[in-house]
Amino acid sequence: MTTLLEARNLSRVFGSGPKANVALDHFSLTVDANASSFIAIAGESGSGKTTLARLLLGFDRPTSGEVLYRGRDMWKMPSRDWWQFRHEVQAIFQDPFEVFNPFYKVDHVLSVPISKFRLARSKADARSQIENALLAVGLRPEETLGRYPHQLSGGQRQRLTVARALLLQPRLIIADEPVSMVDASLRATILESLRKLHTDFGISFLYITHDLPTAYQICSNIIVLYRGSVAEVGDVDLVIKTPRHPYSQLLISSIPEPDVETRWDDDETLPSRSDVTLAPTRGCRFADRCPAVMPMCRETIPPLYHVDEKRAAACFLYRDLPVLLPTGEATPEAVV
Amino acid sequence: MTDEVLQIRDLRVYYHTPSGPVKAVDGIDFSLMRGERFGLVGESGSGKSTTAWAIMRMIKPPGVIESGTIRLGDTQLSRLSQPELRNVRLSEIAMVPQGAMNSLNPVMRVGDQILDGIRTHRNGSASRDLTERLKDLLSMVGLPPHVMNLYPHELSGGMKQRVCIAIAISLQPKVVIADEPTSALDVVVQRQIMQTLSNIQRRLGAAILLVGHDMGLMAKFVDRIGVMYGGKLVEVGSVRDIFLEPKHPYTQLLISSLPSLDAKGVLRGIPGTPPSLLTPPPGCVFHPRCPHVMPRCSIEVPDPRMAGAERWVACHLYT
Amino acid sequence: MAATSIGSPALAEPRPGRTRAQAIGAYCRRNPTLVVGLVLVLALLAIGLIGPVFVDVNNAVPTSTIPDQPPSSDLPLGSDDQGRDMLAVLVAGVPLTLRVGFIAGSVGLLIGIILGFLSGYQGGVVDTIVRMVVDTLLTVPGLLVLIIIANSIKGVIDINLMALVVASLAWMHPTRTIRAQVLSFRERAYVHMAKLSGMNGIEIIVRELIPNLLPYLAATFVGAVAGAVLASIGLEALGLGPQNEPTIGMTIYWSISFNALLRGLWWWWVPPIVIIVCLFTGLFMISAGLDEIANPRRRRAA
């Protein structure tokens with residue numbers, strides 16, 4: 001079985017009836033076990049990206065669809081398989097403070113997985129593994145170990161969580177906004193250390209973010225989520241430089257690039273405001289904000305059309321092109 | 001000098017903790033011109049938010065404005081008493097603080113919250129006039145009039161932030177300070193909010209002091225930038241000068257660490273850690289992380305020097 | 001921005017040369033309420049522990065001395081209508097009352113911990129059942145039930161049985177409070193981290209959650225003890241307590257039965273009331289002091 005983790009028609013709905021919130025709508029994704037990939041899952045708040053992370057990590061149960069670990073349905077696996085799953089799939093979270101139990105020194109977060117996954121033969125071995133992991137992310141053991149979380153800076157704590165991930169040598173790391181709460185000067189350092197983990201150790205990454213520039217810099221493929229559905233998916237250069245879905249276009253054009261030559265034109269008329277209503281829609285979820293909306297958009301959900309060799313967009317503007325896969329499913333592997 | 005609406009000279013704000021004074025702002029000078037957009041940019045711990053609160057004279061103990069002057073037009077804000085300051089706030093100088101949209105009163109309609117400030121400053125305005133004024137304010141920030149009867153939880157994040165902006169401009173102040181006004185908002189909504197701010201600015205002729213850490217946002221929106229680090233202003237200049245020709249090593253490193261959407265490359269951070277404000281490094285506060293450090297840097301604090309028209313840098317490379 | 005702009009990294013350096021003892025001492029200065037409360041309660045405990053050295057507790061039974069004597073050098077707190085030495089009564093009775101409260105409070109807390117953690121962490125059916133049972137039982141007037149129970153075992157009741165009777169209704173509030181705390185702590189990121197590190201449910205509860213809930217558990221315990229003492233004194237004052245023990249509540253009962261108030265025998269009913277006031281004030285102050293520890297804002301500022 002060469003698929004490590006697979007989301008198959010995954011949906012998560014909160015509440016029911018007219019006020020139901022479809023956080024994720026028939027989402028599919030495959031992460032290969034043998035080839036390592038660095039995929040960005042990009043979206044704004046309400047896009048479903050955090051819900052997706054929780055479902056993939058087994059912190060929440062899907063309303064419909066499955067999450068398959070090495071071919072087995074996650075929620076029907078025996079506990080032996082859960083143990084292996086936890087070893088192979090790790091996470092880095094957004095808040096560098098909350099991930100540490102304030103009662104314990106920061107060593108706790110490193111020593112617990114070592115003992116649970118039996119990664120060391122002796123205490124000395126554990127200690128040296130921890131020290132090597134810290135050095136690999138640019139931290140000094142004598143300055144970090146033995147301290148309480150509040151005694152370290154946000155950047156140090158986040159680097160520590162990266163060191164923890166390195167220690168476990170997982171096959172896949174799901175990084176949920178790993179640098180959004182970290183200072184700009186440290187962001188690059190931490191992201192580079194993630195990239196190093198990918199190139200040196202072959203660890204696959206799912207980089208969940210709303211920050212497209214960083215996603216562009218370190219990922220090879222990108223999935224753009226909008227209100228629980230995939231808007232566009234494919235090679236990151238294509239999607240970012242020449243977005244085809246109207247939402248991707250709106251998103252990318254709104255990003256303030258540090259470029260003083262093109263300033264924000266005050267007289268520019270922006271598309272009509274997006275004060276998003278959560279009313280469930282029948283057709284495309286972007287229809288009420290889309291400048292190119294057509295009647296059919298409100299009737300049916302557009303499938304992903306194979307717009308380029310390495311990219312697909314879910315928009316009826318491309319209805320003359322071949323459909324990638326049945327409605328809603330997207331696999332970057334198939335595209336790439 | 002008549003074009004200067006706000007003048008800060010040698011401002012120092014220290015927090016007196018049991019371990020000693022934390023020098024959050026340690027001697028900064030800058031001016032804000034009428035109708036100008038000035039961006040005060042820095043990372044966490046740089047002192048930019050403290051500066052904003054100090055200008056509003058709303059520093060809470062154990063913080064104290066140790067020294068320095070804050071002049072708004074002809075008034076020395078630093079010398080006014082609290083009752084006098086209450087007259088000045090909102091009517092002359094207003095602030096949209098960080099996280100304002102989450103601080104709206106949840107049990108009060110937003111229309112009433114906007115009018116709250118007006119009522120306090122001008123007692124006895126006829127209610128019909130007030131309703132007209134309210135509709136006018138709402139349209140200035142791009143909200144339909146019916147919003148005045150809604151409660152905060154019925155509004156989206158972007159709409160709530162617009163309400164906070166409406167509160168800030170309700171008395172047509174000369175200066176509006178916005179502290180990270182869009183940090184919790186989506187990139188698309190951010191763009192719309194910034195456009196709202198610039199529309200307002202044009203209509204009111206007010207100056208805007210934008211405090212934040214997003215250099216991209218600064219590049220698009222402000223006219224001049226002040227870069228803060230470790231409680232000090234390390235560089236001030238026009239936005240073009242700062243981005244195209246950064247002089248201070250920290251500014252240079254900061255700009256080169258920004259990920260671009262143009263080409264892929266190696267992401268460069270700034271090695272080292274932010275300085276302790278309790279025991280700042282001797283001499284230049286940036287010297288432990290500076291790639292161009294010289295022996296002088298650890299001994300002598302660099303004064304800001306002119307380095308071109310309307311350009312100041314505090315670095316020994318230029319003295 | 002995430003970090004506060006006072007430069008939290010700057011304040012994060014550990015204060016040099018501070019030992020645990022010094023840190024505790026400094027904390028006591030910052031939280032006088034807790035200290036005063038502890039002192040009060042410990043002083044009352046001391047009465048019971050050290051008192052017998054100075055006072056002969058055998059005089060706490062009837063016909064030990066001349067009855068109805070006002071306080072004097074021989075009898076510092078006088079004697080009651082049945083010839084008990086009041087000082088001896090206090091020295092013997094205070095620890096009994098405290099014991100009832102402590103046993104009932106502990107039992108209540110223990111059941112509360114088990115049920116509260118179970119239903120709060122597991123959720124689902126277990127939670128629904130526990131919640132329904134607790135909410136229903138809470139609507140039953142507790143004192144009424146206690147009176148009925150106590151009345152039916154009136155002849156055979158002793159201190160320990162009293163404690164169990166009170167404990168039977170002391171577990172509901174702790175269960176609810178603890179469940180609520182667990183619900184709020186369950187979604188913390190460090191709990192997710194612990195799951196990712198391979199910990200199972202019980203381990204997470206014991207190693208990750210309980211240490212952080214200690215202040216809440218302590219406060220709940222104090223509340224349970226206070227409630228238990230109140231309930232037992234109430235039952236005793238109605239005459240439903242152990243008839244032969246000189247507990248505070250029984251002393252009040254006897255003083256009412258023999259009209260101590262009308263007869264001017266103030267030394268009979270004043271001392272028990274003073275003890276009660278001190279006890280509850282002390283327990284309340286401990287609770288208030290613990291609240292300060294438990295408040296998250298305070299904890300992060302370390």
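**Reading the terms in this predicted model**

Of the 336 residues of chain A, 49% count as buried. This is a predicted model, in which local features need pLDDT of at least 70, side-chain atom pairs count only at pLDDT 80 or more, and totals for chains, interfaces and linings use all residues. Residues are numbered from 1 along each chain as its sequence is written, while chains are lettered from A and ligands numbered from 1 in the order in which they are written.

Q: Why is chain A called as compact as a globular protein of its length?
A: The globule rule is 2.2 Å times the number of residues to the power 0.38, and the radius of gyration is taken over C-alpha atoms. For 336 residues the rule gives 20 Å, and chain A has 21 Å, which is close, so chain A is as compact as a globular protein of that length.

Q: Why is helix H11 of chain C called largely enclosed?
A: Eight of its 10 residues (248–257) are buried, so H11(C) is largely enclosed by the rest of the structure. Among the buried ones are Ile248(C), Met250(C) and Trp254(C).

Q: How many residues of chain A are in contact with chain B?
A: Contact asks for C-beta atoms, placed from the backbone, within 7 Å; 37 residues of chain A are in contact with 41 of chain B.

Note on methods:
A residue is buried if 20 or more other C-beta atoms lie within 10 Å of its own, exposed if 12 or fewer, and partly exposed in between; C-beta atoms are placed from the backbone. Helices (H or I, at least four residues) and strands (E, at least two) are DSSP runs, numbered from the N terminus. Two residues are in contact if their C-beta atoms, placed from the backbone, lie within 7 Å.
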